[in-house]
Amino acid sequence: MATADDTRRPAYIRHAPLAVILIAAIVGYFTLGDYLTFDTLAENREALLAFRDENHILLAGIFIAVYVSIVAFSLPGAAVASVTGGFLFGLALGTVFNVTAAVIGASAIFMAARWGLGRTLAARMDASDGTLKKIKTGLHEHEISVLLLMRLVPVVPFFVANLLPALVGVRFVNFLWTTAIGIIPGAIVFTWIGVGLGEVFDRGERPDLSLLWEPQVIGPILGLCVLAALPIVIKTVRGKKDI
């Protein structure tokens with residue numbers, strides 16, 4: 001809900017955070033793509049491992065801050081960062097750091113979009129009696145299932161899953177916990193790839209991210225998608241029977 005202070009703020013102030021994110025994303029796309037790569041990681045891996053051994057807590061803080069920035073500003077290199085988490089910190093800690101940073105970054109985008117454009121669009125949906133109103137009503141009826149599906153389905157871009165809920169008035173608390181839960185399967189896969197990254201580099205190769213699409217990996221994730229969609233299916237079937 002918009003407060004009185006929100007409505008009194010000029011539009012350019014309310015939209016400024018999202019505008020900054022979009023500008024940073026565009027600039028980052030053209031300037032950072034050649035740096036946030038596995039080649040860069042391979043070239044600096046010995047220095048990173050040495051720094052980690054001497055400054056484990058400091059490096060963990062730096063890693064999370066960098067990952068948050070990558071997600072919050074939709075910069076290239078999110079997959080590289082996830083794999084790096086496993087490479088530097090192992091499967092358990094790496095997964096925790098990856099999920100934590102991704103959730104913080106996603107929340108930043110959500111709040112930036114909600115504060116400006118999201119409030120405007122949500123108000124228009126509330127005032128509408130047509131299709132927009134039906135879309136918003138349907139989304140709120142299945143909010144949890146839709147949010148989980150957006151996180152679990154691998155083909156949904158992460159920035160889309162961050163922006164869209166904010167623009168249609170999804171409750172932040174639901175966005176927060178479904179993001180944290182929904183990204184865990186993918187985070188574990190990417191972190192696990194990072195655990196064996198040293199051996200991959202020793203062979204002069206680069207990690208194969210297509211592992212996500214292997215049947216033994218994508219199968220359980222799709223199974224979770226089916227479970228997330230089940231409440232929508234059941235409610236839809238029951239609704240048709242009541243007609």
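Which residues form one aromatic cluster? The cluster is made up of Phe63, Tyr67, Phe89 and Phe97, as read from a model that is predicted. The protein has 243 residues, of which 40% count as buried, and its secondary structure comes to 12 helices and 0 strands.

**Overall architecture**

- Followed along the sequence, the pattern is α-α-α-α-α-α-α-α-α-α-α-α, in keeping with a count of 12 helices and 0 strands.
- When contacts between residues at least 6 apart in sequence are considered, 77% of them join residues at least 24 apart.
- The accessible surface of the protein comes to about 13,300 Å², and carbon and sulfur atoms account for 69% of that area.

**Aromatic pairs**

- The count of aromatic pairs in the model comes to 8. In the pair of phenylalanine 63 and tyrosine 67, the ring centres are 5.9 Å apart and the planes stand at 85°, which is over the 60 degrees required, so the pair is edge-to-face.
- Phenylalanine 63 and tyrosine 67 are 4 residues apart in helix H4 (residues 56-72), a separation of about one helical turn, and both residues are buried.
- The rings of phenylalanine 172 and phenylalanine 175 have centres 6.4 Å apart and planes at 25°, and because this angle is under 30 degrees the pair is stacked.
- Phenylalanine 172 and phenylalanine 175 both belong to helix H9 (residues 172-182), where they are 3 residues apart, or about one turn of the helix.
- Phenylalanine 172 is partly exposed, at a relative accessible area of 31%, whereas phenylalanine 175 is buried, at 1%.

- In soluble globular proteins, nonpolar side chains tend to be buried together.
- The largest nonpolar core in this model holds 29 residues, and within it Phe89 and Leu197 touch the most other members. Two or more residues of this core come from each of helix H3 (38-54), H4, H5, H10, helix H11 (197-202) and helix H12 (215-242), and H5 gives the most, with 8 residues.
- Another core, of 15 residues, lies apart from the largest one, and its members include Ile21, Ala113, Leu139 and Phe175.
- Leaving aside residues up to four places away in sequence, phenylalanine 89 touches His56, Leu59, Ala60, Phe63, Gly94 and Phe97; among these, Phe63 and Phe97 also belong with Phe89 to the aromatic cluster.

**Nonpolar surface patch**

- On the surface, Leu91, Val173, Trp177, Ile181, Ile184, Ile188, Trp192 and Val195 form a nonpolar patch, and together they have about 710 Å² of accessible area. The elements that contribute two or more residues to this patch are H9 and helix H10 (184-195).
- H10 supplies the largest share of the nonpolar patch, with 4 residues.
- Valine 173, one of the patch residues, is found in helix H9 and is exposed, with a relative accessible area of 53%, a value over the 50% cut-off.

**A backbone feature to note**

- Most residues other than glycine have a negative phi.
- Serine 74, by contrast, has a positive phi, near 50°, in a residue other than glycine.
- Serine 74 lies in the loop between H4 and helix H5 (78-127), and at 29% relative accessibility serine 74 counts as partly exposed, because this value falls between the 20% and 50% limits.

Technical notes:
Residues numbered from 1 in each chain as written. Predicted model: local features only at pLDDT ≥ 70, side-chain atom pairs only at ≥ 80, totals over all residues. Heavy atoms only, no water. Phe/Tyr/Trp six-rings, centres within 6.5 Å; stacked < 30°, edge-to-face > 60°. Buried < 20%, exposed > 50% of the residue type's maximum accessible area, 1.4 Å probe, protein only. Patch = residues over 30% accessible without salt bridge, like charges linked within 9 Å, V, L, I, M, F, W, Y side chains within 5 Å. Areas by Shrake-Rupley, 256 points an atom, 1.4 Å probe, with all protein chains shown as cover. Salt bridge = Lys/Arg side-chain N within 4 Å of Asp/Glu carboxyl O. Contact = heavy atoms within 4.5 Å. Core = buried A, V, L, I, M, F, W, Y, C linked by side-chain atoms within 4.5 Å.
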